[in-house]
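Good morning, everyone, and thank you for making time for this.

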Amino acid sequence: MGVPLRQQFTVAKYLLQQKLKGNRRYPLVLMLEPLFRCNLACAGCGKIDYPDEILNRRLSVEEALQSVDECGAPIVSIAGGEPLLHKELPQIVEGIIARGKYVYLCTNALLLKKRIDDYQPSPYLTFSIHLDGNRDRHDASVCQKGVFDRAVEAIEMAISRGFRVTVNCTLFQGEGAGEIAEFLDHCNRLGVEGTTIAPGFSYEHAPKQDIFIKMRESKQLFRDVFKLGRGRKWKLNHSSLYLDFLAGNQSYNCTPWGNPTRNVFGWQKPCYLLVDEGYAPSFKALMEETPWDKYGNNKNPKCANCMAHCGYEASAVEDSLRNPLKAAWVSLLGPRTTGPMAEEPVPEYEIPAAPKARPAIPIKAVD
């Protein structure tokens, strides 16, 4: 796992506290979107189709830090849009670090060389740089040539200056196991701390819809990738059981409250990926008023093919707490790549409803 022991200990301590308090639902990572504006227009992105009056909105430093305090999660993932476009982002990051929280600043890295002096290396700060595969694959994904090379240059610069750096990779239709394995080898050579990797979620508002991988295809793809990865010592920034889930060996329900989202509209229901479900005015309202039982791949067709870590990593972590020996075994041996896959839940929305019984017609006795 590509996560320092210090951070693992902080998260483990937080999880133990939640268990001791008897909390059933609690956040693990706060997804903070201080703006939607971006300097790219990626084919699979559902965040960039807002009108200019929305794209010009920003969370203030005070709003962002209040959200961090409300939520209380030990990790904050700052996403967007492109966060480095936010002029007050250094103050937001500084405030989060001052609270002892770990920050993953997600960026396409096009502005990183220009903005790097606004930040100081810290064990609490990680630049999470988007690379959706090798050069040709990534540049096609972001619909602009040359972005891969600029991102790699920024990665090398940030590492040389003492920053923690990870890679965030989203997989789309048409990628092969050999290609992905080669990309993960390249991430190792770059010297990044770790790589997150997950199949893309089919945003309803994404300009292209034929690029997303179906669930069964995703599981087989990950099995093929992990089979090629034996002995290659990839540093994947995930729990062992989430990787086992990607390989089709675990059957999990989504845990959307594990990664709550705060953006310019408020607290997004139910998760980072579904953008049309409404917003809550506070974190407390989000947790208490969201109809959580309406969501998940067996509950809602919008969730049908989702395997994203923002929904299932928390589920895997919860399973690790209940079954530490299973988690340790998978961590030692890696995900199983052969044999039957875990049974997938039957979508309730595809089960025909039982016909309603017709009301009985009262019959009066005739004298």
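Let me begin with one term: two strands are said to pair if DSSP finds at least two bridges between them. With that in hand, look at methionine 31, which stands opposite threonine 261 in β7; the strands concerned, β1 and β7 (residues 261-263), pair in the parallel sense over two bridges. Please keep in mind throughout that this is a predicted model.

Now the overall picture. The chain has 13 helices and nine strands, and of its 367 residues 54% count as buried. If we take the contacts between residues at least 6 apart in sequence, 76% of them join residues at least 24 apart. The chain exposes about 17500 Å², of which carbon and sulfur atoms supply 54%.

Let us return to β1 and see what else lies beside this strand. Methionine 31 also stands opposite serine 77, in β2, and β1 and β2 pair in the parallel sense over four bridges. Are the residues on the two faces of β1 buried or exposed? Both faces are covered, with Val29 and Met31 buried on one side and Leu30 and Leu32 buried on the other.

β4 itself is mostly covered, for five of its six residues are buried.

Next, a helix. In α4, which covers residues 89-98, the buried residues are Leu89, Pro90, Ile92, Val93, Gly95 and Ile96. In general, an α-helix has 3.6 residues a turn, so residues three or four places apart point the same way. What covers the buried residues of α4? The cover includes the strands β1, β2, β3 and β4, and also the helix α3 (61-71). Just after α4 comes glycine 100, which takes a positive phi of about 75 degrees.

From there we can turn to the nonpolar core. The largest one has 104 residues, and those with the most contacts inside it are Leu32, Ile78, Ile96, Leu112, Tyr119 and Phe127. Take leucine 112 as an example: if we leave aside its neighbours within four places in sequence, leucine 112 is in contact with Leu84, Phe127, Ile129, Ala154, Met157 and Ala158.

Phenylalanine 36 and tyrosine 50 are 14 residues apart, and both are in the loop between β1 and α2 (52-55). Both residues are buried, and together with Phe265 and Tyr279 they form one aromatic cluster.

Which residues does the side chain of histidine 238 reach? Histidine 238 is found in the loop between α9 (215-228) and α10 (240-246). The side chain of histidine 238 reaches the backbone nitrogen of isoleucine 197 at 2.9 Å, and a polar contact of 3.1 Å joins this side chain to that of glutamate 313. Why does histidine 238 count as buried? Its relative accessible area is 4%, and buried means under 20%.

I will finish with some details of the backbone. A cis peptide bond joins glycine 80 and glycine 81, with omega about 15 degrees, and glycine 81 has its place in the loop between β2 and α4. Another cis peptide bond joins lysine 269 and proline 270, with omega about -15 degrees, and proline 270 lies in the loop between β8 (266-268) and β9 (279-280). Alanine 109, although not a glycine, has a positive phi of about 75 degrees; this alanine is found in the loop between β3 and α5 (112-115), and counts as buried at 3% relative accessibility. Cysteine 143, also not a glycine, has a positive phi of about 60 degrees, and is found in the loop between α6 (135-141) and α7 (147-160).

How values were computed: Residues numbered from 1 in each chain as written. Predicted model: local features only at pLDDT ≥ 70, side-chain atom pairs only at ≥ 80, totals over all residues. Heavy atoms only, no water. Buried < 20%, exposed > 50% of the residue type's maximum accessible area, 1.4 Å probe, protein only. Contact = heavy atoms within 4.5 Å. Core = buried A, V, L, I, M, F, W, Y, C linked by side-chain atoms within 4.5 Å. Polar contact = N/O pair within 3.5 Å; in protein donor to acceptor, adjacent residues only side chain to side chain. Areas by Shrake-Rupley, 256 points an atom, 1.4 Å probe, with all protein chains shown as cover. Phe/Tyr/Trp six-rings, centres within 6.5 Å; stacked < 30°, edge-to-face > 60°.
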